[in-house]
Amino acid sequence: MRRAFLLSAALLLLCTACSGGPDTDPGESTEKAVDHGSAVRAAIERTSAESARLDEKIELRSADSPTTYVFAIAGAFDLAGDRGRLTVELEDSGMEPVEEVFVGDTVYVRGSRAVGEGQWASAVRSEALTRYFLRAPLNDPEHLLRQIKAMRQVSNEGEEQVNDAPAVHYRGTIDHATATLRMTTETKQGLDDLREKLGDDMPVYADVWVDGTGRAVQARLSYFGGMKAVTTLTLSDFGTPVKAEAPPAEQVVPVTAGEDVLLA
């Protein structure tokens, strides 16, 4: 799957936006020119100061395959305290889900193929890398929020429903450095080569939905260009209690994230 994602660049289709004609409403043009990035950054900061229920969906498809791989991630996370507990599964794969416990800069994983049954693998959170485009290393939700916070050319797309409540939808893009943040050397090189061929950044969209309290309640990164990569994170139940403790030391085996597809 990794190799297919790198090769899919050859099928990339690009389009350029058309400028408005003489009948374009001047007020509409002015509105579109406004950058709402400050509102997004404030919402991410407010969300990052709380705990919440997380539900994440990651959809990956290479250019030469009809199969879309879907990862489902769910749990509770104290974004301010850097602690959380997540369950990760690859839908329709037959693989057992893994459990991740985040405690500061250490992530403990139960169910990883890197260790035996009854053991927890441990990895350094700040050193982990990802092999997949628009997927966070170790499925770290704070990595995604960090990328979203750097979005540029932000526009207000109007009000929509998220978690059965109104939320303002903001849309923008992220640059190449942000899109390839903390990728493995192999994956990043393939994307660097593609960017050089294009002569510009790959068109990666960033979307954020902000509720009436100023919190980011949903965030999404997406790319469609031959291949497909979409990561959607939904946050709810703010202030929810989070139980995330390190397992007993005798059950822990330090490892790197390695090749486990459930850990990116």
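Biologist: Helices are DSSP runs of H or I with at least four residues, and strands are E runs of at least two, both numbered from the N terminus. How many helices and strands are there in the protein?

Modeller: This is a predicted model. The protein has six helices and 12 strands.

Biologist: What share of the residues is buried?

Modeller: Of the 264 residues in the protein, 46% are buried. The protein exposes about 13000 Å², and carbon and sulfur atoms supply 49% of that area.

Biologist: Which residues touch the most other members of the largest nonpolar core?

Modeller: They are Val40, Phe133, Ile148, Met151, Met202, Val204 and Tyr223, in a core of 52 residues. A second, separate core has six residues, among them Val101, Val103, Ala244 and Val252. In soluble globular proteins, nonpolar side chains tend to be buried together.

Biologist: Let us turn to helix H3. Which of its residues are buried?

Modeller: H3 covers residues 37–47, and its buried residues are Gly37, Val40, Ala43, Ile44 and Thr47. Seen down the axis, they fall within an arc of 125°, so they line one face of H3.

Biologist: What do the buried residues of H3 pack against?

Modeller: Their partners are helix H4 (141–149) and the strands E7, E8, E9 (205–211), E10 (216–225) and E11.

Biologist: And H6? What span should its residues cover?

Modeller: Helix H6 runs over residues 185–198, and at 1.5 Å a residue its 14 residues should span 20 Å. The C-alpha atoms at its ends are 20 Å apart, which agrees with that expectation.

Biologist: Which residues of H6 are buried?

Modeller: Thr187, Leu191 and Leu194 are buried in H6. They lie on the same side of H6, because they cover an arc of only 55° around the axis. The face turned away from that buried side carries the exposed residues Thr185 and Glu196.

Biologist: Now the strands. How many bridges join E7 to E8?

Modeller: Seven bridges join E7 (residues 152–162) to E8 (residues 165–173), and the two strands run antiparallel. Within this pair, Asn156 stands opposite Tyr170 in E8.

Biologist: What lies between E7 and E8?

Modeller: E7 and E8 form a hairpin with two residues between the strands. Asn163 lies in that loop, and it has a positive phi of about 55° although it is not a glycine. Most residues other than glycine have a negative phi.

Biologist: What about Leu138? Where is it found?

Modeller: Leu138 is found in the loop between E6 and H4. Leu138 has a positive phi of about 60°, although it is not a glycine. At 1% relative accessibility, Leu138 counts as buried.

Biologist: Which strand does E4 pair with?

Modeller: E4 (residues 98–103) pairs with E5 (residues 106–110) in the antiparallel sense, over five bridges. Glu100 stands opposite Val109 in E5. The two strands form a hairpin with two residues between them, and Gly104 in the turn has a positive phi of about 60°.

Biologist: In which sense do E5 and E6 pair?

Modeller: E5 and E6 pair in the antiparallel sense, with five bridges. Here Tyr108 stands opposite Ser122 in E6.

Biologist: What does Ala123 touch, leaving out residues up to four places away in sequence?

Modeller: It touches Asp105, Thr106, Val107, Leu138 and Val255. Ala123 and Pro254 are 131 residues apart in sequence, and their C-alpha atoms are 6.1 Å apart in space.

Biologist: What share of the contacts with a separation of 6 or more comes from residues 24 or more positions apart?

Modeller: Such residues account for 61% of those contacts in the protein.

Key:
Residues are numbered from 1 along each chain as its sequence is written. This is a predicted model: local features need pLDDT of at least 70, side-chain atom pairs count only at pLDDT 80 or more; totals for chains, interfaces and linings use all residues. Side-chain values use heavy atoms; hydrogens and water are left out. A nonpolar core is a set of buried Ala, Val, Leu, Ile, Met, Phe, Trp, Tyr and Cys residues joined through side-chain atoms within 4.5 Å. Buried means under 20% relative accessible area, exposed over 50%, partly exposed in between (1.4 Å probe, protein chains only). Contact means heavy atoms within 4.5 Å. Accessible areas come from the Shrake-Rupley method with a 1.4 Å probe; for residues, only the protein chains shown count as cover. The expected span of a helix is 1.5 Å times one less than its number of residues. The arc is that of the directions from the helix axis to the C-beta atoms. Two strands pair if DSSP finds at least two bridges between them.
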